[in-house]
Amino acid sequence: MRKSVGPKLVAAPNPQHARAVDPYIPGHGNPGYRVSRYALELTYKVESNRLDGKAEITATASEPLKRFSLDLSDALTASKISVNGRRPQRYAQRGGKLELTLANEVPAGAAMTISIRYAGTPRPIRSTWGEVGWEELSEGVIVASQPSGAPSWFPCDDHPASKASYRITITTDSPYRVVSNGKLVSRKVSAAHTTWVYEQAAPMASYLATIQIGAYDLLKVADKPVPIRAAVPARLTSDFQRSFGNQERIMRAFTRWFGPYPFPEYTVVVTDDTLEIPVEAQTVSIFGANHCDGTRHAERLVAHELAHQWFGNSLTLTRWKDIWLHEGFACYSEWLWAQECGEATTQQMAARYYAKLAASPTDIVVGDPGPDLMFDDRVYKRGALTVHALRVALGDPAFFSLLHEWTSEYAHQSVSTDDFVTLAAKHSSEPLRELWRAWLYETSLPPLPVLTAL
């Protein structure tokens, strides 16, 4: 592997073509401007599920702007709105949109500061994929917004290519711990309430922003190669040590295979509730109590969610049709870890899931599966087999060199399949067109790719 340079914390390129509505989430995203920063000030009452918020959004107009919109759940009512210190001529809130009409046009290229106060009883947003966003737990809150749940708790430009920095300040009842994205920069405790301030400097898509509230103990998992912490219910701390005992080893393996971890730290949250599947957020992964039972049965998921910090959070798809870039790499990371820990070789893992795919309907196009199927397990596993096929075609030195360059050159940016295909071609002595066609754009299952050396 070639030596990798550290990731660059730069604003993600956001070309105008990327701002078109994503047909996978047609009611979300807003053209005409580009957000560079969100500053959220929230007050939340756990018992009554009452949220009061102020969002200050820094943006740049990408075209002359007289009218524009943001995404915001109808469960939250906006008020006291200003743009560059002036009240809009009028505003309306309907259908998950907050629509603003300005008294004066903002020129293309001009900066905007949008200030919005809002309040209400947050609830998940109903979507094709179930309920997403802000949700109450038996004691606390989980925010799981993929792909379209961010407007359930703050006004935003809810498009995966809209990446911005965040400062999230939240005041809530003192018995509870709050975990959010990035670094905890301040905590102020009073008798009844505690104010937590988190700073996420690296650009982040809105669906990856999160708030986790619960009666959690904070555990130190590791200091190197990356500070790793865990927020865990007291009753699960012993089980956590066993179920998540390899977290540091997984981090070390991934930094060897993928390059430097792209953020300053990493936090694992284990809720006191059962979760059907774990949840990814930038710098945070969230698991259910059922994933922390004192065994290692969920360790593949521990690896999977950590891998998303590279593939999904630092490198974030421009459009949802390219979800294989997230899930294929995260699943393949599971298989790499299986070999590293002695459970099975990567080839054996590939063969196991190939057999399952061969016994399943072959009616899915992984490179553009459609919104109804984008979270289908076949996208995940065939995506991983696409990565495996590429590894077989390139050989290990070129393959891992490619991964290092991919995560370094595109760190904190919005990416597409075309970006990856173009970069992969630089690492191959043979054309790869047929590989991409067969694995990503045909429904029939190609032959199982076989590593000749493990």
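**A quick tour**

Reply: Happy to! Let's begin with a loop: Pro-225 sits in the one between β16 (217-222) and β17 (228-232). Keep in mind that this is a predicted model.

Me: Which residue is joined to Pro-225 by a cis peptide bond?

Reply: Lys-224 is, and omega for that bond is about 0°. There is also a cis peptide bond from Gln-146 to Pro-147, with omega near 0°. Pro-147 belongs to the loop between β10 and β11 (163-173).

Me: Why point those out?

Reply: Because most peptide bonds are trans.

Me: Switching to pockets. How much space is in the largest pocket?

Reply: About 1,000 Å³. Its lining has 32 residues, and those nearest the centre are Gln-146, Glu-276, Ile-277, Pro-278 and Val-279. Gln-146 also takes part in the cis bond to Pro-147.

Me: Which element gives the largest share of that lining?

Reply: That's β9, with seven residues. The elements that each supply at least two residues are β9 (130-137), β10 (140-144), β19 (279-281), α3 (299-307), α4 (324-340) and α6 (377-394).

Me: And what is the lining of the largest pocket like by class?

Reply: There are 14 nonpolar, six polar and twelve charged residues in it.

Me: How about the second largest pocket, how much space is there?

Reply: The second largest pocket holds about 290 Å³. It is lined by 21 residues, with His-28, Gly-95, Gly-96, Ile-125 and Arg-126 closest to its centre. Strand β8 (residues 125-127) contributes the most to this lining, three residues. By class, the lining of the second largest pocket splits into nine nonpolar, eight polar and four charged residues.

Me: Nice. On to helices: at what angle do α2 and α7 cross?

Reply: The axes of α2 (residues 247-258) and α7 (residues 396-409) cross at roughly 95° and come within 7 Å of each other. The two helices are therefore roughly perpendicular, since angles of 65 to 115 degrees fall in that class.

Me: Which residues meet there?

Reply: From α2, Thr-255, Arg-256, Trp-257 and Phe-258 meet Phe-400, Leu-403, His-404 and Thr-407 of α7. Sorted by class, the residues of this contact are four nonpolar, three polar and one charged.

Me: Last topic: what does UniProt list for residues 246-439?

Reply: The UniProt record, an unreviewed entry, gives "domain: Peptidase M1 membrane alanine aminopeptidase" for residues 246-439. In the model, that span is 51% helix and 8% strand, and its end C-alpha atoms are 32 Å apart.

Me: And which feature does UniProt place at residues 37-208?

Reply: That one is "domain: Aminopeptidase N-like N-terminal", again according to the unreviewed UniProt entry. Residues 37-208 are 0% helix and 65% strand, with 14 Å between the end C-alpha atoms.

Me: Great, thanks for the tour!

How values were computed
Residues are numbered from 1 along each chain as its sequence is written. This is a predicted model: local features need pLDDT of at least 70, side-chain atom pairs count only at pLDDT 80 or more; totals for chains, interfaces and linings use all residues. Side-chain values use heavy atoms; hydrogens and water are left out. On a 1 Å grid over the protein atoms alone, a cavity is a set of points where a 1.4 Å probe fits but cannot get out, and a pocket is an open set with protein on both sides within 12 Å along at least five of seven lines; lining residues have an atom within 4 Å of a point. Grid points are joined across faces, edges and corners, and a volume is the space filled by probe spheres set on the points. Helices (H or I, at least four residues) and strands (E, at least two) are DSSP runs, numbered from the N terminus. Ala, Val, Leu, Ile, Met, Phe, Trp, Tyr, Cys and Pro count as nonpolar, Asp, Glu, Lys and Arg as charged, and the others, Gly among them, as polar. Axes are lines fitted to C-alpha atoms, for helices over the stretch in contact, and angles run from 0 to 180 degrees between N-to-C directions. Angles under 35 degrees count as roughly parallel, over 145 as roughly antiparallel, 65 to 115 as roughly perpendicular and the rest as oblique. Contact means heavy atoms within 4.5 Å. UniProt positions are given in the numbering used here, feature names are shortened, and annotations may be inferred rather than shown by experiment.
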